[in-house]
Amino acid sequence: EYVRMRIHSIVEGTKVNGPGYRLGIWGQGCRRNCPGCFNRAACSVTGGREYPVQEILKFLHKQPYDGISVSGGEPFEQEQELALLLKGAKESGVNTLVFTGYTYEEIAGSSAVQYCDFLIDGPYIREIESTCLYTGSGNQRFLRLNKGMITEDLTDRAGNGAESEIIISSDGVITVTGFGTL
């Protein structure tokens, strides 16, 4: 039996959602209701599409990715599925990054955190301007983890400013991702 994860979208190739060239995965479902959320479409727990985790991992073999970035919605609302996805990605030889509205301290005991190489943590607060390339608001941190433990806070070293991408798929679907304004 396959473990299924509810997914809002998958972007095959992004350079603004973490270091290097990445597979972007947006989970579906978030109950946090942050004011100014940039991805309201991913918040409904009934939206998106269910994918077997093994099917998502097959995307990693299509291109030479440096890593995967999982955002949402709120990835930790599908904690067991997220843990399997991250574990499989690491076994495929890529690094893992998760964007979450929770702080590291709130999710430190989670089964998924042990498979995170990088974590962007904290609720989105639109009134606090970000100075980190990978965070949406200035209260969020960009952390390097090893087996679930913080080894380095990269927030002030990741570069500043905001970047966006516009991706047009072969079937004409337009995706805008990143934190800059277009």
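A polar contact is a pair of N or O atoms within 3.5 Å, of which, within protein, one must be able to donate a hydrogen and the other to accept it. In this predicted model, a polar atom of the arginine 22 side chain lies 2.8 Å from the backbone oxygen of isoleucine 68.

Arginine 22 is placed in strand S2, which covers residues 22–27. Its relative accessible area is 0%, and arginine 22 is therefore buried, the cut-off for this class being under 20%. Although arginine 22 and serine 69 are 47 residues apart in sequence, their C-alpha atoms are 6.5 Å apart in space. When neighbours within four places in sequence are left aside, the residues in contact with arginine 22 include Val11, Gly13, Thr14 and Asn17, as well as Tyr65, Gly67, Ile68 and Ser69, and also Asn95, Thr96 and Leu97.

Isoleucine 68 also belongs to the largest nonpolar core, which has 30 residues and in which Ile68, Leu85 and Leu86 have the most contacts. At least two residues of this core are supplied by each of strands S1 (4–14), S2, S4 (67–71) and S7 (141–146), and likewise by each of helices H1 (53–58), H2 (79–91) and H3 (104–107). Helix H2 gives the most to this core, with five residues. For leucine 86, the contacts beyond four places in sequence are with Ile68, Val70, Thr96, Val98, Ala112, Tyr115 and Cys116. Another core, of nine residues, lies apart from the largest one and has Leu97, Phe99, Phe118 and Cys132 among its members.

Notes. Residues are numbered from 1 along each chain as its sequence is written. This is a predicted model: local features need pLDDT of at least 70, side-chain atom pairs count only at pLDDT 80 or more; totals for chains, interfaces and linings use all residues. Side-chain values use heavy atoms; hydrogens and water are left out. Helices (H or I, at least four residues) and strands (E, at least two) are DSSP runs, numbered from the N terminus. Buried means under 20% relative accessible area, exposed over 50%, partly exposed in between (1.4 Å probe, protein chains only). Contact means heavy atoms within 4.5 Å. A nonpolar core is a set of buried Ala, Val, Leu, Ile, Met, Phe, Trp, Tyr and Cys residues joined through side-chain atoms within 4.5 Å.
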